[in-house]
Structures are given as C-alpha cells and as structure tokens.
Amino acid sequence: MSITHLIYVAIGGALGAISRALISHYIKGGFPWATFIVNVSGSLLIGLVLGWMGTRSQVPHGVKFLFATGFCGAFTTFSTFSFETLTLFKEQSWEAGLANIALNVILCILAVWIGIRLAIQFSTP
C-alpha cells in the first residue's frame, strides 16, 4: 500500500468519522437508532461503491481506499453496535437487544446486496 493510498484512507476516514459523529449527535432515543441507521446506510454505500467498481475495468485504486476503506470503515461502527447491544442486555432489555442484532445483521447484508444490484443495473448501458 502506498502513501497515496494511506492519504485516501485518512481523508475518507476523517469524513466518515465526522459524518458518524453528526448522526449520533442529532439522532437520539432509547433504541440505538443512530448506529442502526449508520450500519445500514454504510452497508448500502459500500455495496454501491464496490459493486460499481466491479462493473468497471479501469477504476483508480484511490476510489476504493477513499470510500470503502476510509469513509465506510470509519462511518460504520460495528464495535459501537456490539457495545450498545451488550448494554441493552445488561439492562435486561432482551427484546430490544435481540431486535438490534436481527435488524442490523439482516438489513445490512440485504443493503449490501441491494447496493451491488443497483450499481450493476445502473452501470450497464
């Protein structure tokens, strides 16, 4: 990995982290909605980026490092998801904890698939 690629990761990571912080600041509630929204939208975005890249023969490597590794890596905070789910379980909010796991896992996988399908569909002439 070159220094240029690391710079792309750093720029994308900074933008992803700032975006994540803003969403967490503005979306509140008893259920971890901010993390849920970030995980699903980040999964959709990474699906779109990587799906789009898969339909192109010549894509600058900087695109992947900037968006997929940098932005999405900092934006989607699965560690926060894990901590919030554990907190729900510690508070004996079993239903909310299980719902958080099911919604995040199922919808994030679905969002990646949808992103890839959309990228493929819209990139064919």
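**Reading burial, rings and helices in a predicted model**

Author: Phe36 has a relative accessibility of 11% and therefore counts as buried, where buried means under 20% relative accessible area, exposed over 50% and partly exposed in between, with a 1.4 Å probe and protein chains only. The model is predicted, so local features need pLDDT of at least 70 and side-chain atom pairs count only at pLDDT 80 or more, whereas totals for chains, interfaces and linings use all residues. Residues are numbered from 1 along each chain as its sequence is written, and side-chain values use heavy atoms, with hydrogens and water left out.

Reader: How many aromatic pairs does the structure hold, and which residues form one aromatic cluster?

Author: Rings of Phe, Tyr and Trp (its six-membered ring) pair if their centres lie within 6.5 Å, and planes under 30 degrees apart count as stacked, over 60 as edge-to-face and the rest as tilted. The structure holds five such pairs, one of which joins Phe31 and Trp33, a tilted pair at 4.6 Å centre to centre with 50 degrees between the planes. The pair of Trp33 and Phe36 is edge-to-face, because the ring centres are 5.7 Å apart and the planes stand at 80 degrees. Phe31, Trp33 and Phe36 form one cluster, in which Phe31 is buried at 16% relative accessible area, while Trp33 is partly exposed at 40%.

Reader: Where do Trp33 and Phe36 lie?

Author: Helices are DSSP runs (H or I, at least four residues), numbered from the N terminus. An α-helix has 3.6 residues a turn, so residues three or four places apart point the same way. Trp33 and Phe36 both lie in helix H2 (residues 33-54), three residues apart, which is about one turn of the helix.

Reader: At what angle do H1 and H2 pack, and which residues make the contact?

Author: Axes are lines fitted to C-alpha atoms, for helices over the stretch in contact, and angles run from 0 to 180 degrees between N-to-C directions. H1 and H2 pack at an angle of about 145 degrees, with their axes 8 Å apart. The contact (heavy atoms within 4.5 Å) is made by Arg20, Ile23 and Ser24 of H1 together with Ala34, Thr35 and Val38 of H2.

Reader: Which residues of H3 are buried, and what covers them?

Author: The buried residues of H3 are Gly62, Phe65, Ala68, Gly70, Phe71, Cys72 and Phe75, and their cover includes helix H1 (3-26) and H2.

Reader: How many disulfides does a search of the whole structure find?

Author: A disulfide is a pair of cysteine sulfur atoms within 2.5 Å, and the search finds zero. For Cys72 the closest cysteine sulfur is that of Cys108, 11 Å away, which is too far for a bond. Cys72 is buried at 2% relative accessibility, and Cys108 is buried at 9%.

Reader: Is Asn100 buried or exposed, and with which residues is Asn100 in contact?

Author: Asn100, in helix H5 (residues 94-123), is buried, with a relative accessible area of 1%. Leaving aside neighbours within four places in sequence, Asn100 is in contact with Phe31, Pro32, Phe81, Thr85 and Leu88, and Phe31 is also a member of the aromatic cluster.

Reader: What is phi of Gln92 near, and where is Gln92 found?

Author: Most residues other than glycine have a negative phi. Phi of Gln92, however, is near 60 degrees, a positive value in a residue other than glycine. Gln92 is found in the loop between helix H4 (78-90) and H5, and counts as exposed at 58% relative accessibility.

Notes. Helices (H or I, at least four residues) and strands (E, at least two) are DSSP runs, numbered from the N terminus.
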